[in-house]
Amino acid sequence: MDKKFSILRRRIQKSQKFVMDKIISDHKADICVLCGSEKEITREHVIPQWAFEGDPKKYLVNTKNNQPTNYIKSTIPACRECNSDLLGSFEDYLKRLFQEKDGAEFNCYEVDSIIWWLQYIGFKLQVMDLRSRFLRYKGSDYIPYISDIPVAMFWGPMDTTPHMVFNTIRRTRRSLFKKNKGSKRNSLLVFNTSNPDYHFFHKVDEFIFIEVPQVNKAFFLFYNKEFDLHDNAFDECMEIIKRNYGA
Ligand SMILES: [Zn+2]
């Protein structure tokens with residue numbers, strides 16, 4: 001697993017400029033967003049199927065336009081080798097880890113792997129927003145002028161520029177080069193949960209929460225914020241969970 005994981009990270013790093021240039025000039029380019037290859041393109045799920053039990057009825061609502069998206073249909077392009085072989089073995093490793101260990105038992109290597117995984121999901125969500133057209137805010141009028149604009153252009157306040165969107169994606173993708181997450185380790189929180197339902201929410205470039213009932217765990221990561229003390233991260237995380245959970 002470790003060897004394949006490092007091959008994957010090296011591929012992401014080597015193709016950074018090519019992939020970013022390509023998806024900026026053509027948001028819907030059918031290239032592998034991990035290595036840039038155009039061969040054997042498969043659909044890589046934004047939220048891994050094993051995490052939402054492959055239930056086609058479960059969907060995520062994009063907070064920017066309120067349009068529901070089925071998890072099962074939320075995919076980005078990735079080549080067969082990156083998707084099935086390299087990512088596949090990394091996710092098999094994570095699944096085993098989640099089943100075998102309690103949240104408090106993870107060592108640094110394992111914590112770094114989980115952070116990488118959540119950063120990768122964040123990257124996929126960003127790419128998906130860039131590839132999806134805004135359409136209209138569900139429940140309100142269709143405005144032709146904004147309907148064709150990628151959802152990503154609505155991430156921030158009124159003055160979100162394409163430049164800022166591309167820089168955010170570029171920076172997030174860059175975070176996937178590195179295995180060692182050092183100063184970010186306090187930004188990850190792992191919960192043991194007995195909740196039978198799957199839960200997910202996120203805020204682009206700020207945080208992500210994902211609950212995986214089959215392994216009785218939930219994960220929260222602050223994407224950019226760093227903390228001297230894990231307790232401080234915990235307090236702030238609980239505030240956000242209270243605001244978002246079940247909403
Ligand atoms: Zn690839």
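Begin by selecting strand β7 (residues 207–212), which is mostly covered, six of its six residues being buried (buried means 20 or more other C-beta atoms within 10 Å of the residue's own, exposed 12 or fewer, and partly exposed in between, with C-beta atoms placed from the backbone). Strands here are DSSP runs of E with at least two residues, helices are runs of H or I with at least four, and both are numbered from the N terminus. What you have open is a predicted model, in which local features need pLDDT of at least 70 and side-chain atom pairs count only at pLDDT 80 or more, while totals for chains, interfaces and linings use all residues. Residues are numbered from 1 along each chain as its sequence is written.

Show the side chains of β7 next. In a regular strand the side chains alternate between the two faces of the sheet. In β7 both faces are covered, with F207, F209 and E211 buried on one side and I208, I210 and V212 buried on the other.

V212 has K217 in β8 as its bridge partner, and F209 stands opposite F220 of β8. In the hairpin of β7 and β8, which has four residues between the strands, look for N216, which takes a positive phi near 55°.

Zoom out to the whole sheet, which is open and has four strands in the order β5-β8-β7-β6, with antiparallel pairing. Because β5 (188–192) and β6 stand at the edges with a single partner strand each, one side of each is left without a neighbour in the sheet. Neighbouring strands of this sheet are turned by 10° against each other on average, direction ignored.

Move to helix α2 (residues 16–25) and helix α6 (residues 162–174), whose axes come within 11 Å and cross at roughly 150° (axes are lines fitted to C-alpha atoms, for helices over the stretch in contact, and angles run from 0 to 180 degrees between N-to-C directions). That crossing makes α2 roughly antiparallel to α6, a label for angles over 145 degrees. Select Q16, M20 and I24 of α2 together with F166, R170, R173 and R174 of α6, which make the contact (C-beta atoms, placed from the backbone, within 7 Å).

Leaving out residues up to four places away in sequence, C82 touches L8, R11, C32, L34, C35 and L87.

Finish at M1, in the segment before α1 (2–14). M1 counts as partly exposed because 14 other C-beta atoms lie within 10 Å.

Terms used: Two residues are in contact if their C-beta atoms, placed from the backbone, lie within 7 Å. Two strands pair if DSSP finds at least two bridges between them. Angles under 35 degrees count as roughly parallel, over 145 as roughly antiparallel, 65 to 115 as roughly perpendicular and the rest as oblique.
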